[in-house]
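Please look over the model below. A short briefing follows, grouped by topic.

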Amino acid sequence: MTPGICLGSSVSCTLALLCPQAKAKIMVVRDVERDDIEFISKTLGCLPISHIDHMKPEKLGTADLVEEVECGKGKVVKVTGIANQGRTATVLLRGSNKLVLEEAERSLHDALCVIR
């Protein structure tokens, strides 16, 4: 089986951990928001799967490197080397408190509206 990423709810990904395919370099990402799954699927050119048994080559996307990196006190999954990423990008905003983060998000939104 080709190495891949399992994105979805904790139930389906917990099953993936118990399967023998977990030894086939399948990275399991738990508790992903539905909007994020759609964005990642569109960017990678893959289709979401709900169970490890539904993993077929035509549903998988490709990337040069998928890694979990520390970002402050948390961790994020970084995907690099996407062959045809189209017009997608991720901007990670961090702030010292919620107010600063909300202001940064509004500023980014305003900047994106200007370049459209």
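Is Ile 115 buried or exposed? Ile 115 is exposed, because its relative accessible area is 68% and the cut-off for exposed is over 50%. Keep in mind that this is a predicted model.

**Surface patch**
- Ile 115 belongs to helix H3, residues 98-115.
- Together with Leu 112 and Val 114, Ile 115 makes up a nonpolar patch on the surface.
- The accessible area of these three residues together is about 330 Å².

**Helix H3**
- The 18 residues of H3 should span 26 Å at 1.5 Å a residue.
- That agrees with the model, where the end C-alpha atoms of H3 are 26 Å apart.
- Asn 97 caps the N-terminal end of H3.
- In this cap, a side-chain oxygen of Asn 97 lies 3.1 Å from the backbone nitrogen of Leu 99.

**Salt bridge**
- The whole structure holds one salt bridge.
- Its partners are Glu 103 and Arg 106, with the closest N and O atoms 2.9 Å apart.
- Both residues sit in helix H3, three residues apart, so about one helical turn separates them.
- Glu 103 is partly exposed, at 40% relative accessible area.
- Arg 106 is also partly exposed, at 43%.

- Strands E3 (residues 65-71) and E4 (residues 74-80) run antiparallel.
- Seven bridges join E3 to E4.
- Cys 71 has Gly 74 in E4 as its bridge partner.
- Two residues lie between the strands of this hairpin.
- Gly 72 takes a positive phi near 70 degrees there.

Conventions
Residues numbered from 1 in each chain as written. Predicted model: local features only at pLDDT ≥ 70, side-chain atom pairs only at ≥ 80, totals over all residues. Heavy atoms only, no water. Pairing = 2+ DSSP bridges. Helix = DSSP H or I, 4+ residues; strand = E, 2+ residues; numbered from the N terminus. Patch = residues over 30% accessible without salt bridge, like charges linked within 9 Å, V, L, I, M, F, W, Y side chains within 5 Å. Areas by Shrake-Rupley, 256 points an atom, 1.4 Å probe, with all protein chains shown as cover. Salt bridge = Lys/Arg side-chain N within 4 Å of Asp/Glu carboxyl O. Buried < 20%, exposed > 50% of the residue type's maximum accessible area, 1.4 Å probe, protein only. Expected span 1.5 Å × (residues − 1). Polar contact = N/O pair within 3.5 Å; in protein donor to acceptor, adjacent residues only side chain to side chain.
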